[in-house]
Structure formats: C-alpha cells, structure tokens
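The structure comes before the details.

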Amino acid sequence: MLLNGPSTSTSTASVAAGTTSAASAFGGRAPAVAMLRLLAGFQVSQALYVVARAGVADQLAAGPRPVAEAAAAAGVRTDLLRRLIRTLAAEHVFAFDADQDTVGLGPLGHTLCSDTDDSLRDVALMWMDTHYAPFAGLWSTLHDGVPAAERELGKPLFDWIAEEPERVDRFSAAMGNLLALRQDALDSLDLRKVHHLVDIGGADGTALAALARRHEWLWGTVFDLPHVVAGAEPVLRSAGVADRVGTWGGDFFESVPPGADAYLACFILHDWNDDQCAVILDRIRRAAGSRARLFLVETVLDEGAAPEVATLLDLTMMGMLNGRERTRADWRSLLSGAGFRLDRVVETNGPMCVIEATSL
C-alpha cells in the first residue's frame with residue numbers, strides 16, 4: 001500500500017540522480033569515496049608530519065632520487081617510506097615513479113621544504129605537537145564550550161606553550177611560516193602616512209621587519225610577551241632595521257606601547273572571544289588616542305580569495321582557543337563597541353583581508 005509519498009522507483013531514481021550529481025561535484029568520484037578521503041584526513045596529517053619531521057622534502061629539493069636514497073638520508077625504513085610516499089603522491093605532495101622506484105616533489109611538496117617562501121614545515125611540526133591530540137575531544141567541546149586543547153593540556157594553550165622555551169620557539173617558527181598566508185595582506189597595507197607603527201603580538205618581528213625594509217621612512221615597535229619578543233632582536237638585526245625598529249615586552253590585556261600613529265594586529269584577534277577582543281582593542285585605543293589608525297590582518301568569513309581557509313581556521317579556533325573567525329558585520333560591531341570606526345575591508349589575492357579602522 002502506498003502512503004502519501006514517492007514510489008519506490010521514484011525514490012530510487014531520485015537517489016541515483018543525486019548520486020550522479022554528487023559524483024560530478026567530486027571529480028567523478030563516488031560520494032562514499034570522497035567521504036572516505038575526508039574521514040582519513042587524520043591519517044594523512046600524521047603522514048605529512050612524519051615526512052616533514054624526517055626532512056624528506058628537503059632531500060628532494062635538488063630533484064628526484066631513488067626511494068632507498070631518500071630513506072637513508074632521512075634515517076627511516078625504505079619499505080615504509082615508500083608506502084607513505086605512495087599515499088601522499090595521491091595528495092600531490094610527491095611524484096612517485098613505481099617502475100623506477102624514484103620519488104620527487106609533487107606540486108605541493110615544496111611547502112614541506114624548510115627554506116621555501118611558502119614553507120609550512122614548521123606548521124606541520126607544531127600542529128602535530130599541539131593540535132592533534134586535543135581534537136580528539138571536540139565532541140565534548142560542542143557540549144560544554146571548553147576548548148578541547150584546554151581540556152587536553154590542563155590549561156589554556158598559550159599558558160602551556162609559555163612553560164617551555166622550545167614550545168615558544170616552535171610556535172614562533174610556525175607563525176613565521178604562516179606569514180606566507182598573510183603576505184598579500186601585508187603588501188596591501190597603506191602605510192604612506194604612517195611614521196611609527198606598533199605591531200601588537202608581533203612575535204619574532206618577521207612581519208614588521210619586512211614592512212620596515214620596504215618602507216624606508218617607517219619606524220616601528222614589536223610588542224609581545226617578554227619571553228616571545230626576546231626572539232625579535234636577532235631577526236631585526238639580520239633584516240638591517242634594528243636602528244628603526246625596537247622591541248617592547250608586555251601583555252596586551254594590560255597595556256600597549258603608547259603614542260604611535262598606527263597599530264597593527266596581524267592574525268591576533270581571531271584567537272580571542274568578543275569580550276577578550278574588546279579589552280585588547282580598548283588598550284590599543286587608550287594608547288593610540290584619537291585619529292590613530294588600526295590595521296587588522298584577519299580572515300573575513302565569506303570574503304577573500306580563499307574563503308575555505310577562514311572556515312578551517314574557525315574550526316581550529318573552536319578546538320584550540322576561545323576565538324573564532326568573523327564576518328564583516330562582526331568586525332564592525334566589535335570595533336565600534338571599542339571606540340573604533342570601521343573604514344574599509346580590503347580583499348587581497350590571499351585568504352587574509354586588511355581591516356582598516358580609525359580610533360575615535
């Protein structure tokens with residue numbers, strides 16, 4: 001007997017049509033195959049960590065070589081490395097020639113080298129040490145709102161990192177890697193009328209050093225926690241800008257260096273919830289006075305050249321910290337509540353946008 005619904009044949013046809021449509025959306029793969037690849041993502045990320053830690057990509061920077069040679073240079077077993085390479089070749093990390101038993105870098109392989117402009121090797125190392133285990137607790141986070149990392153580590157992530165100098169160095173190195181994602185936004189900063197720029201949460205000074213080299217009139221201050229900003233001085237000296245860019249240790253929840261005509265917060269506010277951001281912005285406004293410029297380099301949800309980066313980072317924030325990625329309306333509300341006027345959002349060729357504001 002039929003019950004006010006589609007017939008079995010009609011339902012089957014609808015399912016078949018949906019499956020065909022989904023397959024076309026996934027490059028001809030069946031939906032179950034596409035989903036299986038997603039479900040296996042945690043295994044792939046571990047494989048990437050292993051080859052990054054072993055320095056396999058660096059061994060191939062000069063060109064393809066026999067798998068046995070690459071394994072010997074990396075100090076790992078040839079048969080097992082071959083299996084990792086075969087898996088990661090499907091992800092375009094390596095180019096594997098099974099007949100010759102040789103391996104080279106695939107289209108993505110250079111990003112795991114240690115010295116390329118868009119290297120993410122330090123991100124691969126840091127994320128596996130800090131992010132991998134906490135994300136097993138994401139289920140609990142969705143119920144109680146406590147970041148999975150805080151539950152796993154027994155304390156907030158940044159407190160845990162600060163306990164060990166090696167963790168601080170590893171985190172700073174990873175943030176330096178992510179400069180590649182921010183570079184288009186940094187290139188888009190309009191600093192023509194800026195004389196003194198304070199980089200809030202500037203870590204080891206890499207970003208401000210690059211800006212000072214490009215803009216010869218620019219003076220600057222790298223501001224971060226004392227144990228973090230200590231790493232900036234050698235970076236500034238190496239860049240040849242130590243005579244114009246100094247360092248200042250402190251906590252941006254308490255105060256920031258006063259008197260500059262512009263402040264930069266690059267990939268900082270997304271780490272914190274709205275109440276915490278309000279405190280940081282209040283400290284900047286008090287230090288800046290009226291009419292000072294504020295530049296935020298952040299993602300803007302549903303905007304920018306690579307919106308998928310924002311949604312992935314939003315998931316990262318959920319698991320690791322109290323922060324989140326925000327829409328244009330979210331940024332406007334956050335800024336106005338702290339005494340800033342949102343002037344414009346500049347989309348760039350990369351995933352980050354430049355949010356320009358003025359202190360009122």
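## Contacts and overall build

Contact means heavy atoms within 4.5 Å. In this predicted model, residues 24 or more positions apart account for 66% of the contacts with a separation of 6 or more.

The protein has 18 helices and 10 strands. Both are DSSP runs numbered from the N terminus: helices are H or I with at least four residues, strands are E with at least two. Along the principal axes, the C-alpha atoms fill a box of roughly 70 × 65 × 40 Å.

## Burial and surface

Of the 360 residues, 43% are buried (under 20% relative accessible area, 1.4 Å probe, protein chains only). The protein exposes about 18,100 Å², by the Shrake-Rupley method with a 1.4 Å probe. Carbon and sulfur atoms supply 55% of that area.

## Helices H3 and H7

H3 spans residues 41–54 and H7 residues 121–130. They pack at an angle of about 125°, with axes 9 Å apart. Axes are lines fitted to C-alpha atoms over the stretch in contact, and angles run from 0 to 180 degrees between N-to-C directions.

H3 contributes Ser45, Gln46, Tyr49, Ala52 and Arg53 to the contact. H7 contributes Arg121, Ala124, Leu125, Met128 and Asp129. These residues divide into five nonpolar, two polar and three charged.

## Basis

Residues are numbered from 1 along each chain as its sequence is written. Local features need pLDDT of at least 70 and side-chain atom pairs 80 or more, while totals for chains, interfaces and linings use all residues, and side-chain values use heavy atoms, without hydrogens and water.

How values were computed
Ala, Val, Leu, Ile, Met, Phe, Trp, Tyr, Cys and Pro count as nonpolar, Asp, Glu, Lys and Arg as charged, and the others, Gly among them, as polar. Buried means under 20% relative accessible area, exposed over 50%, partly exposed in between (1.4 Å probe, protein chains only).
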